[in-house]
Amino acid sequence: MGTVRKLANEVEHGLAGALPRLRKTVVGKLALAVGAMIEGQTPNTVELANLLPLETERQDMREQWLRRLLKNPLLLAPRVMEPFTREALAKAARNGQTVLLAMDQTDLGDRMALLVVALRVGDRALPLVWRAEAGPANIGFESQQRLLEQVRAWLPAGAQVLLSADRFYPSAALFGWVQTHGWGYRLRLKGNVLADTGHGDETITGQLAQGVAERYLSGVRLFTQGLMTNLGILHEAGHPDPWIIAMDCPPSRASVLDYAARWAIEPMFSDFKGRGFDLGSSQLWHADRLERLVLIMALAMYWCVRVGQDDALARPTPLEKKPGNKVTPTIGASGNSAAAWSPGSSAVCAD
């Protein structure tokens with residue numbers, strides 16, 4: 001447990017500086033839990049409790065300590081995450097970079113679903129805000145809006161945003177929201193969305209994609225509300241389904257490929273689940289407690305990313321030391337990201 005205590009002390013120092021309004025005792029307890037999470041990489045409360053460096057040998061007391069922490073109403077994820085996400089978003093927007101956001105959901109069997117808005121960091125993503133709800137169904141726009149509004153409040157002034165979301169999320173309400181707030185978007189659509197191209201009868205998006213490898217349509221009206229957008233359709237060989245991407249700028253192959261920025265959220269979910277913290281094995285049945293457990297995981301991820309970035313700056317590799325080498329950005333679009341170079345990215349399409 002000495003390793004956990006050392007980690008907790010380092011985490012507590014960072015949390016105390018970022019969260020001056022949170023009680024010192026709560027900060028200390030949260031740091032202990034984060035240290036145990038980094039060491040054990042488990043959401044199992046029994047295993048996690050066993051790693052806590054507490055002055056008791058009784059396992060039931062350790063578990064009770066952790067249960068109380070997960071029920072603590074002072075641990076509101078947005079409140080705790082705000083200073084960290086503000087910093088991450090500011091770095092993402094520096095030098096005029098487009099802030100790449102992804103919204104997606106992961107399910108924990110049939111008992112719980114977790115909706116996350118994440119920020120692309122290099123080729124991966126960091127969670128910004130999230131919401132857990134009971135059941136496996138898609139979490140609706142009301143919760144999506146709550147998360148998006150929270151992120152919008154934390155963005156630096158004038159930041160350019162590109163939001164990507166999988167085909168389970170686009171709705172008339174979501175389109176209305178991103179268009180109202182001037183966000184760039186690449187939203188994948190299902191094949192059953194009502195569409196009116198203005199050249200004939202109404203159809204559905206699946207029909208527009210039928211039998212074509214590429215197709216680009218401007219001024220398409222979607223849903224019964226007739227929301228105006230642009231569509232890019234790309235069906236690459238070997239892939240069972242086409243990408244039908246709604247976007248805010250003139251459609252092109254490059255702007256369709258911007259949607260690939262969304263895939264950074266998949267390694268993040270892998271970190272949460274099978275290849276990392278194994279969130280799927282959690283036995284929690286209360287959404288608020290799951291959200292606090294995810295908060296502990298998210299802080300552990302932020303801490304690990306920060307340590308890795310600091311190490312890269314303090315101990316560059318021989319290749320990185322050579323003059324003239326281009327530094328790969330650690331925040332925002334990575335050098336091999338489609339959104340980093342394509343003329344369809346939000347910053348280029350702003351006019």
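This is a predicted model: local features need pLDDT of at least 70, side-chain atom pairs count only at pLDDT 80 or more; totals for chains, interfaces and linings use all residues.
View 1. Strand β9 (residues 227-234) pairs with β10 in the antiparallel sense, over five bridges. In this pairing, Ile 233 stands opposite Ile 244. Strand β5 (residues 184-188) also runs antiparallel to β10, joined by three bridges. Here Arg 186 has Met 247 as its bridge partner.

**View 2. The largest nonpolar core.** This core has 105 residues. Leu 101 and Trp 183 have the most contacts inside it. Helix α11 (residues 287-314) gives the largest share, 11 residues. Domain 1 (3-74 + 282-309) and domain 2 (183-263) each supply at least three residues. Leaving aside residues up to four places away in sequence, Leu 101 touches Trp 183, and its other contacts include Leu 89, Leu 119, Val 151 and Ser 164. A second, separate core has seven residues. Among them are Trp 243, Ile 245, Met 247 and Cys 249. In soluble globular proteins, nonpolar side chains tend to be buried together.

**View 3. A buried salt bridge between Arg 262 and Asp 104.** The N to O distance is 2.4 Å. Both Arg 262 and Asp 104 are buried. Arg 262 sits in the loop between α9 (253-257) and α10 (265-272), and Asp 104 in strand β1 (residues 99-108), so the pair ties together parts 158 residues apart in sequence. Glu 266 joins Asp 104 and Arg 262 in a network of salt bridges.

View 4. Asp 241 counts as partly exposed because its relative accessibility is 37%. Arg 167 is partly exposed too, at 27%. Glu 236 lies in the loop between β9 and β10 as well, and its partner Arg 253 lies in helix α9, 17 residues apart. The closest N and O atoms of this salt bridge are 3.4 Å apart. Arg 253 is partly exposed, at 35% relative accessibility. Glu 236 is partly exposed, also at 35%. The model has 15 salt bridges by this count.

Note on methods: Residues are numbered from 1 along each chain as its sequence is written. Side-chain values use heavy atoms; hydrogens and water are left out. Two strands pair if DSSP finds at least two bridges between them. Helices (H or I, at least four residues) and strands (E, at least two) are DSSP runs, numbered from the N terminus. A nonpolar core is a set of buried Ala, Val, Leu, Ile, Met, Phe, Trp, Tyr and Cys residues joined through side-chain atoms within 4.5 Å. Buried means under 20% relative accessible area, exposed over 50%, partly exposed in between (1.4 Å probe, protein chains only). Domain bounds come from an automatic or database domain assignment. Contact means heavy atoms within 4.5 Å. A salt bridge is a side-chain nitrogen of Lys or Arg within 4 Å of a carboxyl oxygen of Asp or Glu.
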